[in-house]
Amino acid sequence: MAARPRFTSRATVLVLVLCSLVAILAYPTRQFISQRAEISAQRAKADHVRQQVEQLRRDKARWQDPEYVKAQARARLHYAVPGETPYIAADPSGAAARPSASAAGPSADAAGRPNAAKPWYAGIWDSVDAADTAALAPATPRPLPPSPVGDPTPHDH
């Protein structure tokens, strides 16, 4: 008896057809899986945005209430109703001093009030003033150019 070959021509053709089908379907399958993952991520993102929109709608509805607006103005802007005497309590021990305060002690504004007792808009204005003075002052002093021998006043060119 003659030895039978391990793979017949039919088996070889079948293996080639299966390999080509796998090769042909691999890329679309990978795309399908990645698109499904992307769709899932987009749905999660849309759900998160919907929750944010709902929160913003609730906030908007709250801001429509005049009592809420009054309460926010009193808390955030230190507003007071006519006839009230507003008080701002300052910690005399300085324990609530800001970490940016110098080692010499808590900083104070031009009027001598501590920065902790200033309203928020005064802090913004002070930072604008500080930025303006820093922009106007040169980083290193430049020497004046030598003036001509006959001219005693320096010229700014």
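Hi everyone, let me start with a contact: the side chains of Arg74 and Glu84 form a salt bridge, 3.0 Å from N to O. By salt bridge I mean a side-chain nitrogen of Lys or Arg within 4 Å of a carboxyl oxygen of Asp or Glu. Arg74 sits in helix H2 (residues 66-77) and Glu84 in the loop between H2 and helix H3 (120-136), so this pair ties together parts that are 10 residues apart in sequence. Helices here are DSSP runs of H or I with at least four residues, numbered from the N terminus.

Before I go on, a word on the source: this is a predicted model, where local features need pLDDT of at least 70 and side-chain atom pairs count only at pLDDT 80 or more, while totals for chains, interfaces and linings use all residues. Residues are numbered from 1 along each chain as its sequence is written, and side-chain values use heavy atoms, with hydrogens and water left out.

Back to our pair. Arg74 is partly exposed, with a relative accessible area of 38%, and Glu84 is partly exposed at 38% relative accessibility. The terms work like this: buried is under 20% relative accessible area, exposed is over 50%, and partly exposed is in between, with a 1.4 Å probe and protein chains only.

How many salt bridges does a search of the whole structure find? The search gives 6. Another one of them joins Arg50 and Asp47, at 2.7 Å from N to O. These two residues are 3 apart in helix H1, so about one helical turn separates them. Arg50 is exposed at 52%, while Asp47 is partly exposed at 40%.

Then there is Asp126 with Lys118, whose side chains meet at 2.0 Å, N to O. Is Lys118 buried or exposed? At 11% relative accessibility, Lys118 counts as buried; Asp126, at 32%, counts as partly exposed.

Now to H1 itself. This helix runs over residues 9-63, and at 1.5 Å a residue its 55 residues should span 81 Å, which agrees with the 81 Å between its end C-alpha atoms. The expected span is 1.5 Å times one less than the number of residues. Even so, H1 has a kink of about 35 degrees at Ala26, shortly before the proline Pro28. That bend is the angle between axes fitted to the seven residues ending there and the seven starting there.

Last stop: Leu21, which lies in H1 and is partly exposed at 43% relative accessibility. Together with Val13, Leu14, Val17 and Leu18, Leu21 makes a nonpolar surface patch of about 440 Å². Patch residues have over 30% relative accessible area and no salt bridge, with like charges joined within 9 Å and nonpolar side chains (Val, Leu, Ile, Met, Phe, Trp, Tyr) within 5 Å. The areas come from the Shrake-Rupley method with a 1.4 Å probe, and for residues only the protein chains shown count as cover.
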